2 protein chains.
Amino acid sequence: MSPEDQPLKIGALLFDGLDQIDLTGPFEVLSRIPNSTYRIYGKSLEPVRDVKGLQLTPEATLNKAPQLDLLHIPGGPGQEALMEDEAVLGWVRHQAAGARIVFSVCTRALICGAAGLLKERQATTHWTARHLLPYFGALPSDERVVVDGNLVCAAGVTAGIDGALLVAAMLRGEEAAKAIQLYMQYVPEPPFNAGSPKTAPPEIVESVRASAQDLMIRREATAHRVGKRLGFALPSKA
Amino acid sequence: MSPEDQPLKIGALLFDGLDQIDLTGPFEVLSRIPNSTYRIYGKSLEPVRDVKGLQLTPEATLNKAPQLDLLHIPGGPGQEALMEDEAVLGWVRHQAAGARIVFSVCTRALICGAAGLLKERQATTHWTARHLLPYFGALPSDERVVVDGNLVCAAGVTAGIDGALLVAAMLRGEEAAKAIQLYMQYVPEPPFNAGSPKTAPPEIVESVRASAQDLMIRREATAHRVGKRLGFALPSKA
């Protein structure tokens, strides 16, 4: 356990159309950090649905959040609607300015980008969206989890579990993180070797990319528009 | 994709005090099986809280469930209260009798045991509860994911993700499972090697065991009582 024994306030933003495991994977880790509270904030108190329908309910509205020590921001297709939502972006900016750690999972990096948090910082996101990071002045990394100052980015979806264990260690020391990992019996054994576009069979990479194509086109248009408004030098379109 | 193109009905049981990732980890995989629906059933329609407070809401009550093709049963400390709840055990037994696959994650194996489903079958559960499996006539396995007939058991917590990918392959073929794994970017890189009592530092194993001790004692008493009622030869107490 690290010598720091101040209580930690951890909070996450919940929104319609998130990818639930970007929230629930890290929740499993972060809600077990000793001497901490983990609360979920929403624009309203209504339940929301993840992109595949799971119903989740926030604990409180955004304006009720104290300054958080750790801001956890999941991703998912619903991130699209938030990238031009000034109320949410302002909240993210305000919280990020005072937080010890901002932890972004998956495509939520694009919301951080839209909030102007990624300028000249190493970042990552879901493999289908990594090429969009330069729209926000970010430096895309190949790592699964990237730490740059107080910003921790995890790549797609399940990378949030790995990232959360690292965040737990940053906040409370390795012993605390290891105890959580043991509780979670986290010794993964994926039955196939298809979790990355580098290892999956090419025809499967193509089929996943094809099924995400509409979303990818929409995302790129939004990234272009938002990046332009923020005044970044825009990359040529992929 | 496997030649089977019948729509699949997948359902999970939600209960107070579950460990949310036993539900949400496999949900991430199973809700993406082609040509399937995934619904969550509860004793009532009220939201429930996981053991660390996450609010989840069922879609329908148990009595509204059709015969499921895949029954997904998460674990967590709340399993304790269900082990003598005949309404729930009856539902599990009834669904299991007609399901193609019964998929048990973590301590939910104890509910399967209480429903009489584990007799003379290979099974596993969270590492702190594995010694209880013989109370239900089960044969404890060391594997992370165990398949015995139509029963698939995953060990603690995050093993549910590995198990769910295997279940997806059993139902729809390896190509479908690999596409889901790629979408999830599931190439885990745990930052520490502490996920199993075999690899974690001994003092951390001891501290996790100590913090679970009250629960372990209660669980053993329940397992003893329920196993006796079911008429199994009881192991000597650990």
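Chain B and chain A bury about 5500 Å² between them. Carbon and sulfur atoms give 62% of that area. The size of an interface is often given as the accessible area lost when the parts come together. On the side of chain B, Leu182(B), Gln185(B) and Phe192(B) lose the most area to chain A. Together these residues account for 15% of what that side buries. The model is a predicted one.

Now count the residues that meet. In chain B, 63 residues are in contact with 63 residues of chain A. Of the interface residues of chain B, 100% are also interface residues in chain A, so the copies meet through the same surface.

How are the copies placed? Two copies of a chain are related by a rotation about an axis and a shift along it.

Next come the polar links across the interface. The rule finds 30 residue pairs in polar contact between chain B and chain A, with both residues at pLDDT 80 or more. Several elements of chain B each supply at least two residues of the side that touches chain A: helix H1 (20-30), strand S4 (55-56), helix H5 (159-172), helix H6 (174-183) and helix H7 (202-211). The largest share comes from H6(B), with eight residues. By residue class, the side of chain B that touches chain A divides into 33 nonpolar, 16 polar and 14 charged.

Charged pairs also cross the interface. Side chains of opposite charge can pair when their charged atoms come close. Between chain B and chain A the rule finds four salt bridges. In a salt bridge between the chains, the side chain of Glu59(B) meets that of Arg49(A), at 2.7 Å from N to O.

Over all chains, the structure holds 22 salt bridges. One lies within chain A, where the side chains of Glu84(A) and Arg225(A) meet at 2.5 Å, N to O. This pair links distant parts of the chain, 141 residues apart. Glu84(A) sits in the loop between helix H2 (79-82) and helix H3 (86-98) of chain A. Arg225(A) is in helix H8 (residues 213-230) of chain A.

Turn to the sheet of chain A. Seven strands form an open sheet with mixed pairing, in the order S5-S2-S1-S6-S7-S11-S10.

Chain B has its own open sheet. Its seven strands follow the order S5-S2-S1-S6-S7-S11-S10, and the pairing is mixed. Strand S5 (60-61) and strand S10 (145-148) of chain B are the edge strands. In this sheet, strand S7 (residues 101-105) and strand S11 (residues 151-154) of chain B pair in the parallel sense over four bridges. Here Val105(B) stands opposite Ala154(B) in S11(B).

Methods:
Residues are numbered from 1 along each chain as its sequence is written. Chains are lettered from A and ligands numbered from 1 in the order in which they are written. This is a predicted model: local features need pLDDT of at least 70, side-chain atom pairs count only at pLDDT 80 or more; totals for chains, interfaces and linings use all residues. Side-chain values use heavy atoms; hydrogens and water are left out. Contact means heavy atoms within 4.5 Å. Buried area is the accessible area (1.4 Å probe) that two parts lose on being put together, summed over both. A polar contact is a pair of N or O atoms within 3.5 Å; within protein, one must be able to donate a hydrogen and the other to accept it, and residues adjacent in sequence count only if both atoms are side-chain atoms. Ala, Val, Leu, Ile, Met, Phe, Trp, Tyr, Cys and Pro count as nonpolar, Asp, Glu, Lys and Arg as charged, and the others, Gly among them, as polar. Two strands pair if DSSP finds at least two bridges between them.
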